[in-house]
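Morning, everyone. Let me put it on the screen.

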Amino acid sequence: MPSRKSDNGGKPKAAAETRPKLWQDAPEGDVPAETRQRILYFMKLTREVDDRIERKLYRQGKILGGVYTGRGQEAISVAFTCALAEGDFIVPSHRDMGVYIARGMSLYRIFAQYLGRRDGPARGKDGNMHLGDLRLGLVSFVSMLADSVPIVAGAAMAFKFRKEPRVAITFGGEGATSRGDWHEGINLASVQQAPAIFVINNNQYAYSTPAREQFHCETLAARGVAYGIPGYRVDGNDPDAVFRTAREVVERARTGGGPSLVECVTARMTGHSAHDDPSHYVPKEFFEEWGKRDPIEHYTQRLLDEKVITPAWLEETEIEIKKAVDLAVTQAEACPYPEPEECLTDVYYDPTRPVVNQ
Amino acid sequence: MAAITFLEAIRQAMLEEMRRDERVLVMGEDVANYGGAFKVTQGLFEEFGPTRVVNMPIAESAIVGAAIGMSMNGMLPVVEMQFIDFITCAFDQITSYAAKSRYRWGVGVPIVIRGPSSGNVHGGPFHSANPEMYFVHTPGLKVVEPATVYDAKGLLKAAIRDPDPVLYLEPKYLYRRIKDEIPADDYVVPIGKGVIRKPGRDITVATYGTMLYVALESAHQLEREGISLEIIDLRSLLPFDEDMVMTSVKKTGRLILLHEDTLTGGLGGEIAARVVDQAFLYLEAPIKRITAPDTPVPFAPPLEEFFLPKSSDVNRVARELMAF
């Protein structure tokens with residue numbers, strides 16, 4: 001009688017033990033000191049801007065509507081943006097203030113936008129993170145985040161058809177990966193082998209929904225296999241790891257190697273929005289554990305230890321950042337609201353209207 | 001020029017615009033070497049190649065989204081929906097992204113979405129749709145529907161050259177059933193302007209698409225009874241030619257709104273509300289709408305025949321209006 005015990009009895013190992021890993025880690029390599037310093041600078045500036053918006057202006061009742069920050073996730077937006085070139089096309093998400101900061105959008109315009117003033121990129125027609133300016137390669141995304149994925153596929157196709165060395169990149173949370181457009185867009189980009197990069201900001205919560213209720217596959221990076229493209233899973237709180245990965249996938253796209261999928265694992269260190277108290281659904285151990293892995297604190301220490309920055313630079317920079325943000329807020333608060341009749345403008349092309357954001 | 005079909009006029013418009021402007025490209029399912037399900041794009045792939053006639057996977061939302069991304073990078077995409085019914089799969093990209101982009105941050109989305117629309121071809125509920133009103137209800141879009149060979153070409157050119165997103169609906173019943181000679185030289189039919197197909201005295205009939213021919217048939221029959229219809233082919237649904245409708249109603253005092261689209265939420269209701277608002281004292285009789293009933297498009301011939309407005313409906317209503 002054949003044995004019924006699961007002792008393998010000379011049979012090959014179970015498939016899960018020997019199958020190839022379905023995703024890659026961050027590649028090794030050096031990151032130039034100057035780049036690392038820039039990354040830390042932009043991360044710190046991003047945190048200051050986010051904090052000023054959520055913890056000051058919103059709490060003071062000066063901002064109406066939704067406030068979404070990327071607290072704790074700064075490494076992903078900033079490090080990726082630092083790996084891009086002028087001419088690249090970016091569709092960020094609401095957790096990606098770091099993209100706008102590192103790409104050079106003025107602080108004044110960002111605060112004006114949140115305050116609904118005339119000089120925000122949306123000129124009061126839209127609010128909070130729906131910032132866009134094609135001169136900086138930044139697209140004002142819609143709230144249905146996964147819609148960005150086909151947009152990026154199309155932009156990448158345009159670059160490929162025209163033989164332009166540009167790449168298109170989108171950022172979204174693990175929640176956005178559940179929508180059909182996410183699949184459709186990546187599938188299209190991979191069929192076309194277009195220069196596109198799809199970043200997943202896996203901060204483990206989509207509003208109150210934990211990742212285990214969002215997807216069932218082992219990792220989201222593993223989905224790359226389903227599209228025939230490389231998938232990476234990286235520590236989203238390690239700016240060097242994110243940058244090395246970004247550099248590799250950007251180079252691949254730019255040189256005709258097609259799209260890549262990058263899952264950055266991080267933690268959302270705030271509520272879904274400023275009015276959401278996450279302690280109702282996030283175990284406090286999660287915040288305790290991830291609080292010890294703050295990307296800015298760790299990177300600051302690492303760069304000090306490796307003598308990439310000095311304590312003097314750090315002190316000067318913090319003062320400079322605070323001044324810049326103070327000034328931008330003061331100016332933005334002084335910016336007028338749009339005229340009420342502006343409600344009716346720019347629904348359609350009007351040759352008498354000023355050209356903005358492009 | 002020899003007479004061409006409605007379908008050939010659509011193809012010609014794309015061909016000429018692609019030759020005229022290298023930013024124009026066509027994308028959709030089976031549009032490349034196959035030439036499209038109805039062969040509308042036949043020949044384009046052979047002339048322009050795979051970077052300007054792009055075959056796509058079955059992903060209407062991604063097709064429209066990709067077109068939007070291309071249009072933000074200097075290209076002028078013309079998306080073919082294999083049947084316009086499938087446009088519902090791309091609803092969010094069209095209404096959230098394309099329609100609102102210029103308003104929200106000043107960047108226009110100059111795409112065209114075109115495809116075979118309407119019924120009377122035994123197509124059933126998913127190959128006979130009239131989806132125009134989902135999009136007429138969306139500020140930021142334009143919606144057009146030609147009914148003649150001349151307009152098919154001129155309106156598609158206008159759509160391709162328009163800096164805003166345009167939905168171009170092609171009544172598939174007319175594809176090979178109407179033929180006409182058109183000018184050889186370049187011409188455009190402006191969006192937002194209707195045309196009087198038949199001037200008349202007694203009743204204004206405002207219509208579009210296949211129903212134009214129902215109205216014309218009816219006009220011919222009613223003429224013998226001494227009832228003179230003035231038929232307006234709207235051609236554009238958003239924006240529609242309000243001035244032309246008002247001028248005509250102020251002359252005739254009676255209005256029939258005729259469309260193959262269903263009753264509730266159809267364009268007829270919108271036009272009727274505006275006429276009551278702006279031309280109330282000119283009306284001799286209530287405004288009448290002749291439309292399909294509020295059902296999905298049925299398949300079996302007796303059911304679809306019941307569904308579709310006919311010239312006998314127009315005749316009956318016209319006589320009622322004259323007797324009011």
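Start with B:His122. The cut-offs: 20 or more other C-beta atoms within 10 Å of a residue's own is buried, 12 or fewer is exposed, and in between is partly exposed, with C-beta atoms placed from the backbone. Phi of B:His122 is near 60°, a positive value in a residue other than glycine. B:His122 sits in the loop between β5 (112-117) and α6 (132-136) of chain B. Elements are DSSP runs numbered from the N terminus: helices are H or I, at least four residues, and strands are E, at least two.

A word on the source. This is a predicted model: local features need pLDDT of at least 70, side-chain atom pairs count only at pLDDT 80 or more, and totals for chains, interfaces and linings use all residues. Residues are numbered from 1 along each chain as its sequence is written, and chains are lettered from A and ligands numbered from 1 in the order in which they are written.

Now chain A. A:Asn128 also has a positive phi, near 30°. A:Asn128 is in the loop between α5 (107-114) and α6 of chain A. Buried or exposed? Buried, because A:Asn128 has 23 C-beta neighbours inside 10 Å.

Next, a cis peptide bond: B:Leu238 to B:Pro239, omega near -5°. B:Pro239 is in the loop between β12 (236-238) and α9 (242-252) of chain B. Most peptide bonds are trans.

Last, the interface. Chain A gives 36 residues to the contact and chain B gives 29. Contact means C-beta atoms, placed from the backbone, within 7 Å. On the chain A side, α6(A) gives the largest share, nine residues.

Notes:
Contact = placed C-beta atoms within 7 Å.
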